[in-house]
Amino acid sequence: MLKSNLLRLAAAAVVATPVAAFASGSHGDSHGASPTGMPGKASAASRTIEVILHDNYYEPDSIEVKAGETVRFRIRNAGEFVHEFNIGTAEMHASHQDEMMMMMQHGVLMPDHVDMAAAKKMQASMGHGMHDDPNSVLLEPGKSGEIVWTFPKDADVAIEFACNVPGHYQSGMVGSVAIDH
C-alpha cells in the first residue's frame with residue numbers, strides 16, 4: 001500500500017509540475033564550499049555516522065555536529081525506492097527538487113532505479129553534472145554510498161539533509177543538522 005501511494009504521489013508530481021530549467025549553482029559551488037560546508041577528506045573525519053534511508057524517513061532523523069567538524073556519512077538505502085541523502089538548506093533542496101523532477105521526466109530517475117547511461121547522456125547535453133555533487137548521494141534500493149563533509153565553523157543558515165526525489169521531501173523525508181558551536 002505504501003509503495004502504491006508513493007508511486008501515485010510521484011506520478012502526480014510529474015503531471016503537476018512543469019519542466020523546470022536546471023538551476024546551476026543551486027548547491028553552492030558544486031565542488032567547493034557552500035553555506036553548508038564543503039567536501040572533506042576521509043583522513044580528516046573525526047567520526048562516522050551511519051544513516052539508513054527508509055521509505056520516507058531517515059534513521060537517525062537528526063544529526064549533531066561540531067562547528068568545523070569533518071564527518072564521514074555511510075549511507076544505506078533500506079527502502080523499496082530510490083532515495084537521496086543531500087546536505088543543504090531548504091532553499092537548496094527546493095532548487096534541487098526541480099532537477100530531480102527533470103531527471104524523472106526524462107526517464108533518468110524511476111521510483112526504483114536510476115538509468116545511469118541516460119543520466120550521463122543528459123549531463124552531456126545539459127552541460128553540468130547530473131547528481132554528481134559531493135554533498136549528495138542518490139541510491140537505488142539495497143545500495144550504499146558515502147559522503148565526507150566538513151561543516152562550516154560559522155553557519156549562518158539552517159542545515160538539513162533531505163531526499164529530493166519528487167514527493168519525498170514533501171512526505172517528510174528530511175532531517176536536521178544541529179551545529180554545536
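**A guided reading of the model**

Over residues 1-31 the pLDDT stays under 50, and for this stretch the model has 51 contacts beyond four places in sequence. The structure is a predicted model, and taken over the chain its pLDDT averages 82, with 78% of the residues scoring at least 70.

Among the contacts between residues at least 6 apart in sequence, 78% join residues that are at least 24 apart. Of the 181 residues in the chain, 46% are buried, while the accessible surface comes to about 8600 Å², with 54% of that area belonging to carbon and sulfur atoms.

Strands of a sheet pair through backbone hydrogen bonds, and they may do so either parallel or antiparallel. In this model, 5 strands form an open sheet with mixed pairing, and their order is 4-10-9-6-7. Strand 4 (62-66) and strand 7 (136-139) stand at the edges with a single partner strand each, so one side of each is left without a neighbour in the sheet. From one strand to the next, the twist averages 20°. Within this sheet, strand 9 (residues 159-162) and strand 10 (residues 174-180) run antiparallel and are joined by 4 bridges; Ile 159, for example, has Val 177 in strand 10 as its bridge partner.

Strand 9 also holds Glu 160. Is Glu 160 buried or exposed? Its relative accessible area is 16%, and because buried means under 20%, Glu 160 counts as buried. Leaving aside neighbours within four places in sequence, Glu 160 is in contact with several residues, including Asn 86, His 93, Tyr 169 and Val 177. Asn 86 lies 74 residues away from Glu 160 in sequence, yet their C-alpha atoms are 8.1 Å apart in space. Helix 2 lies across strand 6 (83-88), strand 7 and strand 9, and it runs at about 145° to strand 6.

Another set of pairings is built around strand 5 (residues 70-77). Strand 2 (residues 47-54) runs parallel to strand 5 and is joined to it by 7 bridges, with Thr 48 having Arg 72 as its bridge partner in strand 5. Strand 5 and strand 8 (residues 144-150) are also joined by 7 bridges, but these two run antiparallel, and here Arg 74 stands opposite Glu 146 in strand 8.

Finally, we come to the interior. In soluble globular proteins, nonpolar side chains tend to be buried together. The largest nonpolar core of this chain has 34 residues, and the members that touch the most others are Val 51, Phe 73, Ile 75, Phe 85, Leu 109 and Phe 151. Helix 2 (residues 90-105) supplies the largest share of this core, with 4 residues. Which residues does Phe 73 touch, not counting those up to four places away in sequence? Among them are Ile 49, Val 51, Ile 63, Phe 85, Ile 87, Trp 149 and Phe 151, together with Gly 145 and Glu 146.

Definitions and conventions: Residues are numbered from 1 along each chain as its sequence is written. This is a predicted model: local features need pLDDT of at least 70, side-chain atom pairs count only at pLDDT 80 or more; totals for chains, interfaces and linings use all residues. Side-chain values use heavy atoms; hydrogens and water are left out. Buried means under 20% relative accessible area, exposed over 50%, partly exposed in between (1.4 Å probe, protein chains only). Contact means heavy atoms within 4.5 Å. Accessible areas come from the Shrake-Rupley method with a 1.4 Å probe; for residues, only the protein chains shown count as cover. A nonpolar core is a set of buried Ala, Val, Leu, Ile, Met, Phe, Trp, Tyr and Cys residues joined through side-chain atoms within 4.5 Å. Two strands pair if DSSP finds at least two bridges between them. Axes are lines fitted to C-alpha atoms, for helices over the stretch in contact, and angles run from 0 to 180 degrees between N-to-C directions. pLDDT is the predictor's confidence in each residue, from 0 to 100.
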